[in-house]
Amino acid sequence: MGTIRLSGIGRSFKSTAAVRDITLTIDDGDFLVLLGPSGCGKTTLLRMIAGLLEPTTGRIELDGEDITDLPSKKRDLAMVFQSYALYPHLSVRRNLAFPLRVQKLGKDEIERRVQDVAASLEIDHLLDRKPKELSGGQRQRVAVGRALVRDPKAFLMDEPLSNLDAKLRTQTRQELTALHRRLGATFVYVTHDQVEAMTMATRIVVLNAGRIEQYGTPEEVYDRPESVFVAGFLGSPAMNLLDARVVGAGGRISVAAEGLAGDLWAGSTDALDVVLGIRPEHLEIADAAGPRAGVSIAVTVDIVENLGGEQILTCTSGAGRVHMRTSRAVRIAEGAELTLRAAPEHVHLFERS
Ligand code: ADP
Ligand code: MG
């Protein structure tokens, strides 16, 4: 079991509030990703769960037991740091054995567990090397291995892939997902990388300035962002966000801005000044024979970027910059003037703050 419950957790450094009043239950077996930009409080929150930093306010429970005042080494949690924090003077074998020696396990038991973990991570041939004799990817595995040997109730990981090159990052991402499925253990994983969050998480918490901006499955957070902040953080390129005004009231909402017009079937808002959100993959080139409902935007294509199978168009409209993602089969030249359209179900409405 590894259910972690945070109640009103906060932490200030002098006058700066790094984490503010976070209440959250991380269910046993979840792969919970704490996602947000640099400085939003991810590491601070993780370190409080790990017991490496005292909260200013709030309580932390692990499987119903209050662990707020329990020292780090007495918490049945294992942490993987961004820097790996391996002991440079110890061999891989002794690095892996270290947490078990602290627990005062017998020699044979330690050797058996080290061998098991080394075999499962395919680092058994590296056991006699020192960290400086390893590649970045191998060091990363040893850091994960050192967490695994303890068989903890939950794994806490702070940007564990950020020091790997792109190819290794993708591979290791898939390995960590497989590891999570195999162990069925609770993972709390910090990242600023929305691709890692989307691909690995069972639940995502989006943090903004120390607060929870949104909590949900990757699909919920991507398909139904509750704020402009979340909408603008996920996706590559992120959701297009265009200032518009609601014209006319009632069940049917019409929106307008310079070069933009639309009728939306769905959506309700009391606001007059709104932000329209449309994902780049939900825009298409308007076709006179196509559907009339939804939003249409007059744009000029500034840049066409070829991604291989797809292309990204960066356009200017009267309502602001617009990105569109489309198949390369659609031939579009830089400088072209087009009308883009999004179906009503793909148009998000946010209040302008
Ligand atoms: P993240 O991991 O999301 O990048 P952090 O949790 O490291 O963010 O930091 C959140 C905020 O708290 C930042 O404004 C940071 O400068 C501040 N902070 C973090 N640790 C300390 C510290 N030890 N002393 C003072 N300020 C800190
Ligand atoms: Mg951090």
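Val-228 is partly exposed, because 18 other C-beta atoms lie within 10 Å. A residue counts as buried if 20 or more other C-beta atoms lie within 10 Å of its own, as exposed if 12 or fewer do, and as partly exposed in between, with C-beta atoms placed from the backbone. Val-228 belongs to helix α8, residues 228-233. Helices (H or I, at least four residues) and strands (E, at least two) are DSSP runs, numbered from the N terminus. Leaving aside neighbours within four places in sequence, Val-228 is in contact with Leu-241, Val-275 and Phe-350. Contact requires C-beta atoms, placed from the backbone, to lie within 7 Å. Between Val-228 and Leu-241 there are 13 residues of sequence separation and a C-alpha to C-alpha distance of 7.7 Å.

The model is predicted: local features need pLDDT of at least 70, side-chain atom pairs count only at pLDDT 80 or more, and totals for chains, interfaces and linings use all residues. Residues are numbered from 1 along each chain as its sequence is written, while chains are lettered from A and ligands numbered from 1 in the order in which they are written.

The protein chain holds eight helices and 20 strands. Its C-alpha trace spans about 75 × 45 × 35 Å along the principal axes. Of its 353 residues, 37% count as buried. Among contacts between residues at least 6 apart in sequence, 64% join residues at least 24 apart.

Ligand 1 is surrounded by Phe-13, Thr-16, Ala-18, Gly-36, Ser-38, Gly-39, Cys-40, Gly-41, Lys-42, Thr-43 and Thr-44. Helix α1 gives the most, with three residues. A residue is near a molecule if its C-beta atom, placed from the backbone, lies within 6 Å of it. By class, the shell divides into three nonpolar, seven polar and one charged. Here Ala, Val, Leu, Ile, Met, Phe, Trp, Tyr, Cys and Pro count as nonpolar, Asp, Glu, Lys and Arg as charged, and the others, Gly among them, as polar.

Helices α2 (residues 92-102) and α3 (residues 107-120) form a crossing pair. Their axes come within 10 Å and cross at roughly 130°. That angle makes α2 oblique to α3. Axes are lines fitted to C-alpha atoms, for helices over the stretch in contact, and angles run from 0 to 180 degrees between N-to-C directions. Angles under 35 degrees count as roughly parallel, over 145 as roughly antiparallel, 65 to 115 as roughly perpendicular and the rest as oblique. The α2 and α3 crossing is right-handed, a term for the near helix being turned clockwise from the far one by less than a right angle.

On the α2 side, Arg-93, Leu-96, Ala-97, Leu-100 and Arg-101 meet Ile-110, Arg-113, Val-114, Val-117 and Ala-118 of α3. This contact has seven nonpolar, no polar and three charged residues. Within α2, the residues Val-92, Arg-93, Asn-95, Leu-96, Ala-97 and Leu-100 are buried. The buried residues of α2 pack against α3 and α4. In an α-helix there are 3.6 residues a turn, so residues three or four places apart point the same way. After α2 comes Lys-104, with a positive phi near 60°.

Further backbone features lie in loops. Most residues other than glycine have a negative phi, and most peptide bonds are trans. Tyr-84 is not a glycine, yet has a positive phi of about 75°. Tyr-84 lies in the loop between β6 (77-80) and α2. Tyr-84 is partly exposed, because 19 other C-beta atoms lie within 10 Å. Glu-122 is likewise not a glycine and has a positive phi of about 55°. The loop between α3 and α4 (136-148) contains Glu-122. With 11 other C-beta atoms within 10 Å, Glu-122 is exposed. The peptide bond from Ser-236 to Pro-237 is cis, with omega near -5°. Pro-237 is in the loop between α8 and β11 (240-247).

Leu-70 sits in the loop between β5 (65-66) and β6. Leu-70 is partly exposed, with 14 other C-beta atoms within 10 Å. Not counting residues up to four places away in sequence, Leu-70 touches Gly-51 and Arg-75. Leu-70 and Gly-51 are 19 residues apart in sequence, and their C-alpha atoms are 7.2 Å apart in space.

Notes:
Contact = placed C-beta atoms within 7 Å.
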